[in-house]
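Me: I would like to learn how to read strands and their pairing in a protein model. Could we work through one case together, step by step?

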Amino acid sequence: MPHDVHEQRARLGSLDFLARSPSRGIAQKLPAFVDTEQDPGRVTGTGERVYDAQMPDECDLVIANPPYTRAGGPGGSEYTDWNPIFGSVLSKADARAMQHALRRTLHGTPASLYAGLGSAFLVLAGEKVKSGGRVAFVLPATALTGSRWSPIREMLLKDFDVDWVVASHDARNRHGKGSLPGRRFVAFSEATRIAETLIVATKKGYEAKSSSHRTRFVNLRRTPDEPIEAMALARALVGARISTPAEDWQEIRLGEAVWGEVVTIKQAELDGGAWTFSTFMQGRLAVLARALADEGTWCVGDLEYTIPIARLEGICDLGPYHMQIKNPKHGLFEIVDTDDPTREGSPAIWHHRSDRVTTLETGANARLRPRPDRDTNQQSEMLARASRLQLASELGHAPQRAAAVLTERAALGVSSWITLLPKQSSHGKEEALCLWLNGTLGLLLRIVHANRPYLGRSRLPHELAQTLPVLDVDQLSGSQLAAASQVFEELRRKPLQGFAKLCSDPVRRALDHRFFKEVLGYAVDAELDLVAEMLNREPALTTRH
């Protein structure tokens with residue numbers, strides 16, 4: 001299908017078949033190759049056949065591994081207006097026309113330019129598949145948790161019975177050889193390194209099916225290397241039968257080898273929020289995290305511990321988005337990469353280097369210099385949003401040591417850090433929240449809630465950070481906050497190890513044990529250590545990317 005501007009009309013390739021596309025009426029009338037005299041054709045095993053470009057309205061099955069490209073660039077001045085979705089279009093005017101056409105086409109649909117083209121192709125499949133037909137899509141793993149993908153998840157739950165959600169936790173890496181590109185086995189695509197998921201869903205009829213439909217989340221320990229392994233694994237999955245509610249979790253075996261797990265839940269329990277059951281290789285960790293986030297309960301055997309949990313936005317305001325600070329066109333400041341406190345400018349914390357950020361308290365590593373051509377009142381207002389508490393927006397779990405820090409003095413977080421300002425200021429709240437975010441259960445909730453663009457990394461953009469479930473420090477008493485402040489004071493300068501050593505790091509274990517015993521009043525050392533050991537068996541925590 002044509003993907004350019006032809007006779008002053010933007011053509012969007014296969015997305016012209018979307019119901020809202022301005023070119024939909026002519027999508028089947030223009031030749032597929034507008035710059036050549038060659039007629040559109042399809043090459044098959046029996047030869048080449050010329051045909052008219054068209055897409056059926058009643059598909060039985062739509063299988064796709066669509067492009068993931070999304071709007072936005074790295075942020076440097078040369079990329080400010082760059083949109084990689086149309087990177088192949090040489091004319092900037094044509095690229096703008098196509099961007100406007102795509103925005104109009106996707107308006108009012110669940111798809112988003114910022115989620116990426118994969119969301120648009122899934123909407124197209126949803127329009128074209130018939131009732132009882134199926135879609136099978138390979139998508140980036142962020143489709144399961146990303147806030148931009150939430151409308152797509154809502155569409156799937158409304159219009160489809162979601163049958164399978166498959167994710168890999170295979171940490172192996174295949175390097176490029178000859179004509180074979182390299183990739184990580186956490187992906188299903190041939191040549192990519194990002195984490196992916198496979199979603200299989202059946203289109204509902206005019207009347208929604210029973211709310212008892214169950215969705216199976218498959219977490220693979222290993223991705224098949226050969227077709228015969230893939231077929232054997234598929235047969236084992238289809239043959240697995242979970243007959244009673246007590247059997248909502250089971251292992252998948254091929255012979256004596258365990259290839260993964262299946263967690264089965266009622267689709268009615270899912271919503272447009274994060275689908276967390278694919279986050280971990282061990283599904284029980286996701287179940288634990290969900291109970292903690294939704295109900296504030298942590299069940300250990302016959303015991304149940306209550307922990308006050310709230311959304312981060314309910315107890316803290318977030319500092320400015322980093323592009324508001326340093327964007328070449330709209331940012332209010334220039335940023336200087338230095339930890340020298342004598343340099344001109346206001347303190348900021350920018351990069352997150354694992355060899356430098358090793359403790360719970362750290363110094364500023366950058367300075368913000370006001371741009372002379374910007375509004376001074378806006379600059380002052382932004383600097384007034386500085387705080388000591390900083391949340392790591394992107395975390396490499398294996399090497400990096402701190403999911404949150406307190407800076408020695410108030411600073412603004414940029415790019416790698418998000419500044420948190422407690423809404424109800426009280427001595428000890430920042431310390432308590434910093435300790436929680438760096439502890440085992442705080443890390444568990446972070447990994448489940450965050451985007452998983454790569455195995456071993458978690459990303460919290462502003463919109464996801466706002467809804468991050470954290471300890472509700474506003475519910476802690478004055479004595480509890482004083483205890484948290486004391487624990488922080490005694491641990492703030494002790495070097496932490498990377499999260500890959502969560503269960504063996506003596507400082508991290510002391511943080512966990514003392515926080516729960518002295519602040520929350522629970523003596524659960526062994527139980528915390530068990531969760532830490534389970535996390536340390538997860539590739540999501542130990543893989544370096």
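Reply: Let us begin with strand β24, which spans residues 404-413 and is mostly covered, with seven of its ten residues buried. Please keep in mind throughout that this is a predicted model.

Me: Which way does β22 run against β24, parallel or antiparallel?

Reply: To call two strands paired, we need at least two bridges between them. Strands β22 and β24 meet this with four bridges, and the sense of their pairing is antiparallel.

Me: Which strands pair with β24 in the parallel sense?

Reply: Strand β19, residues 346-349, pairs with β24 in the parallel sense over two bridges, and here alanine 348 stands opposite leucine 412 of β24. Strand β20, residues 361-362, also runs parallel to β24 and is joined to it by two bridges, with glutamate 361 opposite leucine 406 in β24.

Me: Where do the side chains of a strand point, in general?

Reply: In a regular strand, the side chains alternate between the two faces of the sheet.

Me: How many residues of strand β25 are buried?

Reply: Strand β25, residues 417-422, is mostly covered, and five of its six residues are buried.

Me: Which strands pair with β25 in the antiparallel sense?

Reply: Strand β22, which covers residues 387-392, pairs with β25 in the antiparallel sense over four bridges, and within that pairing glutamine 390 stands opposite threonine 419 of β25. Strand β17, residues 316-318, also pairs with β25 in the antiparallel sense, this time over three bridges, and aspartate 317 has leucine 421 of β25 as its bridge partner. If you trace β22 in the picture, you will find it paired with β25 and also with β24.

Me: How many helices and strands does the chain have?

Reply: The chain has 15 helices and 27 strands, so the strands we traced are a part of that total.

Me: What share of the contacts between residues at least 6 apart in sequence joins residues at least 24 apart?

Reply: Among those contacts in the chain, the share that joins residues at least 24 apart is 71%.

Methods. Residues numbered from 1 in each chain as written. Predicted model: local features only at pLDDT ≥ 70, side-chain atom pairs only at ≥ 80, totals over all residues. Heavy atoms only, no water. Contact = heavy atoms within 4.5 Å. Buried < 20%, exposed > 50% of the residue type's maximum accessible area, 1.4 Å probe, protein only.
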